[in-house]
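Here is a short report on a protein model. It covers the chain fold, the interface and a few local details.

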Protein chains: 2
Amino acid sequence: MDRYRPAEYPPFAVTVDLVILTVRDDTMRVLVIERAGPPFQGRWALPGGFVRPDEDLRQAATRELVEETGLTTDIHLEQLGSYGAPDRDPRMRVVTVAYLALAADLPSPVAGTDASAARWAPTADLVAEPDALAFDHREILNDGIERARAKLEYTPLATAFCGPEFTVAELRRIYEIVWDVRLDPRNFHRKVTGAPGFVEPTGRTSTRDGGRPAQLYRRGPASLLHPPMLRMP
Amino acid sequence: MDRYRPAEYPPFAVTVDLVILTVRDDTMRVLVIERAGPPFQGRWALPGGFVRPDEDLRQAATRELVEETGLTTDIHLEQLGSYGAPDRDPRMRVVTVAYLALAADLPSPVAGTDASAARWAPTADLVAEPDALAFDHREILNDGIERARAKLEYTPLATAFCGPEFTVAELRRIYEIVWDVRLDPRNFHRKVTGAPGFVEPTGRTSTRDGGRPAQLYRRGPASLLHPPMLRMP
DNA sequence: CGAATAGTGTCTCTTAGACACTATGTC
DNA sequence: GACATAGTGTCTAAGAGACACTATTCG
């Protein structure tokens, strides 16, 4: 049997869905959009849409990301996985390619979201409530959260949740919120500044929190963390 | 804009492709099939095929895996990623969901491969020759190899390359071949037997190599390795 | 016996984690 | 001055890597 027989392949719809995570108000949050029509009318869903005929998958994800957040820079985007259960959309056969995006707390409250209601929902709320999200989006969200948690261990991706300049304490808060643990500020500081290429000092200082001003850092050139940060003791 | 408008979604074909890795003759190998017709006639390609209308993605991958190898047990299978460049298939728009399988050296020389020529090709050969594989399969293969290498570090997946019972030396050879490094047999032994849940002694011994008989082990219950094996010193 | 492979013990160096201490700002 | 946060030093325990040594088979 030929693997590709153009005349008789079963047609699918292909979409991209986005798990856009950020940390705001000491909470990990995800961008969700209220569904305007059935199915799952009124339920929250991950932003997404069809892949266009001339688009690569990543292009489609990037386009949706820009449409939903209005931002294009400093947003980490990676493929998360594909979901294609035959009944995941009651109307037709849809395979969705999920992407994971990590963003700094966005100043504008979700610009350009073509008329739909959108909000940064705490991930804990959506995960705790099995029917909070439409389709299989709870499963996708769970996978995205787990991916993000894992990647903080061995990559410098925590910086993707921060602005262009940040203090060590702000970076530590990211870890503490995403992992839901407490980290020793002193050991964390030693480790972050000691890991080659993780962060680079800018020379400037910040005094956001009332104590001694903290050095400001920007993300370094490393793409892997050696040694990794550990969440399990 | 409604995200799903059934009447006017762009139709895609969706396939699964398999990166089936094994270790045979001290070489990491991948199962490839010779393409019978155009495009890329005569070229090697990863095994794969269409997702059927009523099938989940993983089901489709499992079905293809059984069709190609004849085996169904003791084969690790995980989703690798999706590939959907608009021109990746010259005939039509195809999105493929790649799966990675890790198998022990199979005794039968690729059973049930519906008439196509199939072989276990050394991965090094295929990676070195940019045009050895059809479509974007070289990229998929590269991603699969990198995934396998990474997973050996922090999971007990190396055992997936072994039979149901194996010696510590055999397990070490897996690491050495997949990572292309030399490992100290004594430190490796201490580490493997010390990591909780990695391997369990069966009580039996083996004398395959002419020296002192080695203890036989089977894979343990752990799904994560703590502490991980390290390939970078 | 020697050759070959299996497995253990010991030493050193690095690092995680705990935590005392100093530094520099605001009130 | 008190207080808060930033940052450094020091100790201990655990693990990685190097490598000497013992154990058990085959020929």
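The report below starts with one chain, moves to the interface and ends with local geometry.

**Chain A.** The model is predicted. Chain A holds five helices and nine strands. Along the sequence, the order of elements in chain A is β-β-β-β-α-β-β-β-α-α-α-α-β-β. Taken along the principal axes, the C-alpha atoms of chain A fill a box of roughly 65 × 40 × 35 Å.

**The interface.** How many residues of chain B are in contact with chain A? The number is 45, and they meet 45 residues of chain A. The size of an interface is often given as the accessible area lost when the parts come together. Between chain B and chain A, about 3700 Å² is buried. Carbon and sulfur atoms give 59% of that area.

Salt bridges across the interface of chain B and chain A number zero by the rule. Polar contacts are found there: 10 residue pairs, with both residues at pLDDT 80 or more. On the side of chain B that touches chain A, the elements giving two or more residues are β1 (11-24), β4 (48-50), β5 (76-83) and β6 (94-102) of chain B. The largest share, six residues, comes from β1(B). By class, this side of chain B has 24 nonpolar, nine polar and 12 charged residues.

Strand β1 also pairs across the two chains. Three bridges join β1 (residues 11-24) of chain A to β1(B), and the strands run antiparallel. F12(A) has F12(B) as its bridge partner.

**Aromatic pairs.** Over all chains, the rule counts six aromatic pairs. One of them is Y175(B) with W179(B). Their rings are edge-to-face, 5.0 Å centre to centre, with 70° between the planes. Why are Y175(B) and W179(B) about one helical turn apart? Because they are four residues apart in helix α4 (residues 168-179) of chain B.

**Backbone geometry.** Most residues other than glycine have a negative phi, and most peptide bonds are trans.

| Peptide bond | Form | Omega |
|---|---|---|
| H226(A) to P227(A) | cis | near -5° |
| H226(B) to P227(B) | cis | near 0° |

P227(A) lies in the segment after β9 (214-219) of chain A. P227(B) is in the segment after β9 (214-219) of chain B.

D180(A) is not a glycine, yet has a positive phi of about 60°. Where does D180(A) sit? The place of D180(A) is the loop between α4 (168-179) and α5 (185-194) of chain A.

Conventions:
Residues numbered from 1 in each chain as written. Chains lettered and ligands numbered in written order. Predicted model: local features only at pLDDT ≥ 70, side-chain atom pairs only at ≥ 80, totals over all residues. Heavy atoms only, no water. Contact = heavy atoms within 4.5 Å. Buried area = accessible area lost by both parts, 1.4 Å probe. Salt bridge = Lys/Arg side-chain N within 4 Å of Asp/Glu carboxyl O. Polar contact = N/O pair within 3.5 Å; in protein donor to acceptor, adjacent residues only side chain to side chain. Nonpolar A, V, L, I, M, F, W, Y, C, P; charged D, E, K, R; others polar. Pairing = 2+ DSSP bridges. Phe/Tyr/Trp six-rings, centres within 6.5 Å; stacked < 30°, edge-to-face > 60°.
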